[in-house]
Amino acid sequence: MADRNIALLPEGWEAVLGLEVHAELLTETKLFSASPNRFGGDPNTHIDPVSLGLPGTLPVVNRHAVELAIRVGLSLNCDVRPSTFARKNYFYPDMPKNYQISQYEDPINADGFLELPSGKRIGIVRAHLEEDTGKSTHVGGGGRIHEAGFSLIDYNRAGVPLIEIVSAPDLRSSDEAKEYVAELRAILVTIGATDGKMEEGSLRVDANISVRRVGDELGVRCEVKNVNSLRSLGRAIDYEARRQVKLLEEGGAVTQETRHWNEDEGKTHSLRSKEGETDYRYFLEPDLVPLVPDERWIEEIRGALPTLPAERRRRLASARETASTKGEMYGEADLSAIATIVARDQDELALGAISAGADTQLVFKHILNNLAEGTGKLDISAFAELLTAEAAGNISASQAKTILADLVANGGDAAAAMEARASDTTDAGELETLLEELIAQHSDEWQRFCEGEQKLQGFFVGQIMKATKGRADGQATAKLLAQRMM
Amino acid sequence: MNALNKPAIELAAAIRSGEISAVSAVEARLSEIATRDAEIAAFVQVLNEEALAAATSVDDRVATGEDPGPLAGVPIALKDNLCTRGIPTTCCSRILEGWKPPYEATVVSRLRNAGAVVVGKTNLDEFAMGSSTENSAFGTTRNPHDLSCVPGGSSGGSAAAVAAGFTPLALGSDTGGSIRQPAALCGVVGVKPTYGRVSRYGLIAFASSLDQIGPFATSVADAATLLEVIGGHDPADSTSIPEAMPSLSECLGRGVEGMRIGLVAELCDGVSSDVARRVSEASEALAGGGATVEEVSVPASRFGLSAYYLIAPAEASSNLARYDGVRYGMRTESSNAVEMNIATRTAGFGEEVKRRIMLGTFALSAGYYDAYYGKALKVRTLIIEDFNRAYEHFDALIAPTSPTTAFEIGSRTDDPLEMYLSDVCTVPSSLAGHPAMSVPFGSGDVNENNICLPVGVQVLAPAMGEETMFRVGAFLESVAVNVAESVAREALTSEALTSRDG
């Protein structure tokens, strides 16, 4: 999977990627004040003197935000450590104090890693707390502050708690980067740290991108901002990596700079060079004291963590392996099936059905193919019972699919659902009548089928399924075709 | 002394017992202010109606048998960098002119809960940056003892209000000496508590790691009562010490018998001879009271001023970034938000504020941070260590509060460095976060206007050492009366000599 995109770069080149992910924490109130942390709302309604930075106000750290940050750190295998807050100074009208309270020298979490579904570990340099800014809309002048006729500012988001998760430059392709973000998002959502909605901006990604000839030292990197979906993250990385390779191959040099991804054009544009970067003049936030979470509290938080996706994948893979009678090896397709099931939160169902004796292949097949829209009212034991009936040949695959849909919609046990559908099953006489009608309508195809064009079997089975709205048993139909042909 | 012009504790007692009405006490003060503040200019805003309404409510509570609190009906003046709900709070800067906070500073709420009556907001150097109150955008306050002299600063308005008898109490804020230095220059008691003793919530920040609110009063006992009311933990200020305020009033009469008191050598360097004389008289008095008094060295305090003038401006450059014309205060319209921001700050801030923003921005800049801000932080640590070493041997320290008595208005405005030197004796304990207070202790040599201006002696104590500090302060106050009498005799003698010569 990871190799596909390297192929997009000329032979001998590789991309080196590190991501900075900002996630809004799911707290009731803001990081340093009591105003609500809520998406949307009329502009400037989720504010108070502190989040507006009114003169004389002071920040007080939100305990729940700290707890969520610790959960993030523990989930990413970080050291959770005593930390300090710092001020990042720069002027922008949507920042109420014209400085952002962030963590700089001593982040709350450091030195962790995230394990991708492929098993590769991506280093986590740090995951620190900081406050979000407001939102500005510059009206006129192409939306740029310097040319705008006027600017509108909404401070509802100002002070919302963020966790900024900085990866090591361990990612090597856009696919791997997307996989990383998807996995990170799954972890953050699982532990209740964020809702992970990229479209609402509650999860935001900046990409540090450089390229090098395989085996060389790290190249000069560019930071690409404004990627608002996984898809645009992939496109932005591919574009930017190719731009840098082209530049280097033509004898040029990459300039360290911040670049803006333009989704419509599919290109990145230079925003500002390193020389033009703001000097943030970081210094310790004197309005806050160091954050030293109690060891016992950290252990309590660790104890209450839900099982994380990587562990859930391991459990499912191990259950699959143990239950498998055929002893087959599982390749990438299987890894991705397991990842999908866990991502859909259907691993409990799979594990339950397998341990209740259902056939592993059938469990995977039905979950992957028939439960993409969710499990509804489906009960684990009913699912296992249904699959056992299918494995025993008591019902056909298509019947199982139909009954599964019933169980999802209505719940109940499998026996009752199978009973209810039994009367629907077409009898042999009905099938024969249908087949005669089909042969009359499609005499050409029937002739070719009889002469050995085997693929037409699918055509006739399909037509019968269509006519019976899926009630016909596929195997019985195939048998009937063979008999009629003779 | 007029019955209505009592010290705060006595006045509150009289009002609580119904002997005097709060309204009459407040009316008397308001009328004094109306008559005499035109020449002193301690106040930038007098709250006649609000004060009378508050006094009426105190009287109502007394009438119904309720206790309005330990400061019942006591008129108090607030430095205009303390937020008062719905009442303009300006920091004496154009950039905040007319701004009305939608909330009350914690100290103001505590004052109201204790029955105190806020009669007005007092003048200060813009954003508390200065040592003379000459940097106010709304005019200069004059020293009540000599109208040609400054009251000190930056809490000059509050110091002058108490010295002039306008209010028995006032609040100021002290970042590098802004309570103690004007207290000394105006001849009143001024206290900077331990950093974190008093909530900063609602104090408009100058330098957050140094700012501390504290009392002005005519007596040590009144200052103690006021600090008891405003001090103690506040969850709205993360740097607030999570402890209740100890009772200070109880330790006032205990004397200094058996105490070990150090005279800080470095802080006596370069002070004028009249100030030095009073400080040595204070040492002798303490020894006479049974204390062991010795000279002590706090070596790093020599670098206090240099470190302070990097750390305080650095924090100020960040704290004052929010005044950008976007959300509140002054706005100078311009072509776009960025230009508006520049135009507003250019027009809204005074010279000294701009100078410190520049200094602080520079000190924090990439490439200069280590050499300036970083080094200043190291000096700060050394100062704390040196003080702590001294406190291993001493219960409290004494020093001059200000190197000189009050100086002429305009005499230091052209030389910022000379102005900064006014803080040399007060800055070290600010950097350490330790408590310190200034107690009036006689007066200096007769000046050009034939006036002997007040001298303040500074009492320093280790962190959380307010009880010790107030004990020493109360003792010095009790012996300073004698000093004042001897001063009066000296003055008479010299006058007699002059007339004989003439």
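This is a predicted model: local features need pLDDT of at least 70, side-chain atom pairs count only at pLDDT 80 or more; totals for chains, interfaces and linings use all residues.
The strands concerned are S3 (residues 86-89) and S4 of chain A, which pair in the antiparallel sense over four bridges. Two strands count as paired if DSSP finds at least two bridges between them. Helices (H or I, at least four residues) and strands (E, at least two) are DSSP runs, numbered from the N terminus.

S3(A) and S4(A) belong to an open sheet of three strands in the order S4-S3-S14, with antiparallel pairing. Strand S4 (99-102) and strand S14 (283-284) of chain A are its edges, and each pairs on one side only. Helix H10 (residues 304-319) of chain B lies across S3, S4 and S14 of chain A and runs at about 60 degrees to S3(A). Axes are lines fitted to C-alpha atoms, for helices over the stretch in contact, and angles run from 0 to 180 degrees between N-to-C directions. Contact means heavy atoms within 4.5 Å.

## Basis of the model

Residues are numbered from 1 along each chain as its sequence is written, and chains are lettered from A and ligands numbered from 1 in the order in which they are written. Local features need pLDDT of at least 70 and side-chain atom pairs count only at pLDDT 80 or more, while totals for chains, interfaces and linings use all residues; side-chain values use heavy atoms, with hydrogens and water left out.

## The nine-stranded sheet of chain A

Chain A also has an open sheet of nine strands, with mixed pairing and the order S2-S5-S6-S9-S1-S10-S11-S12-S13. Strand S2 (79-80) and strand S13 (267-273) of chain A stand at the edges with a single partner strand each, so one side of each has no neighbour in the sheet.

S2(A) runs antiparallel to strand S5 (residues 109-115) of chain A, and two bridges join them. In S5(A), Asn109(A) is the bridge partner of Val80(A), and Ala110(A) is the bridge partner of Asp79(A). Ala110(A) also stands opposite Arg126(A) in S6(A). S5(A) and S6(A) pair in the antiparallel sense over six bridges. These two strands form a hairpin with five residues between them, and Gly119(A) in the turn has a positive phi of about 100 degrees. Helix H3 (residues 174-190) of chain A lies across strand S1 (13-24), S5, strand S6 (121-131), strand S9 (161-167) and strand S10 (203-213) of chain A, at about 25 degrees to S1(A).

## Helix packing in chain A

Helix H2 (residues 63-75) and helix H5 (residues 295-303) of chain A pack at an angle of about 65 degrees, their axes being 10 Å apart. The crossing of H2(A) and H5(A) is right-handed. A crossing is called right-handed if the near helix is turned clockwise from the far one by less than a right angle, and left-handed if anticlockwise.

From H2(A), the residues Arg63(A), Val66(A), Glu67(A), Ile70(A), Arg71(A) and Leu74(A) meet Trp297(A), Ile298(A), Ile301(A) and Arg302(A) of H5(A). The residues of this contact divide into six nonpolar, no polar and four charged. Here Ala, Val, Leu, Ile, Met, Phe, Trp, Tyr, Cys and Pro count as nonpolar, Asp, Glu, Lys and Arg as charged, and the others, Gly among them, as polar.

## Chain A overall

The secondary structure of chain A comes to 16 helices and 14 strands. Its C-alpha atoms fill a box of roughly 90 × 55 × 50 Å along the principal axes. Of its 486 residues, 49% count as buried. Buried means under 20% relative accessible area, exposed over 50%, and partly exposed in between (1.4 Å probe, protein chains only). Among contacts between residues at least 6 apart in sequence, 70% join residues at least 24 apart.

## Cysteines

A search of the whole structure finds zero disulfides over all chains. A disulfide is taken as a pair of cysteine sulfur atoms within 2.5 Å. The closest cysteine sulfur to that of Cys149(B) is in Cys186(B), 10 Å away, which is too far for a bond. Cys149(B) is buried, with a relative accessible area of 1%. Cys222(A) also counts as buried, at 0% relative accessibility.

Asp294(A) lies in the loop between S14 and H5 of chain A and is partly exposed at 43% relative accessibility. Asp294(A) and Lys466(A) are 172 residues apart in sequence, and their C-alpha atoms are 65 Å apart in space.

Met358(B), in helix H12 (residues 351-364) of chain B, counts as exposed at 61% relative accessibility. The C-alpha atoms of Met358(B) and Ala316(B) are separated by 9.8 Å, with the residues 42 apart along the chain.
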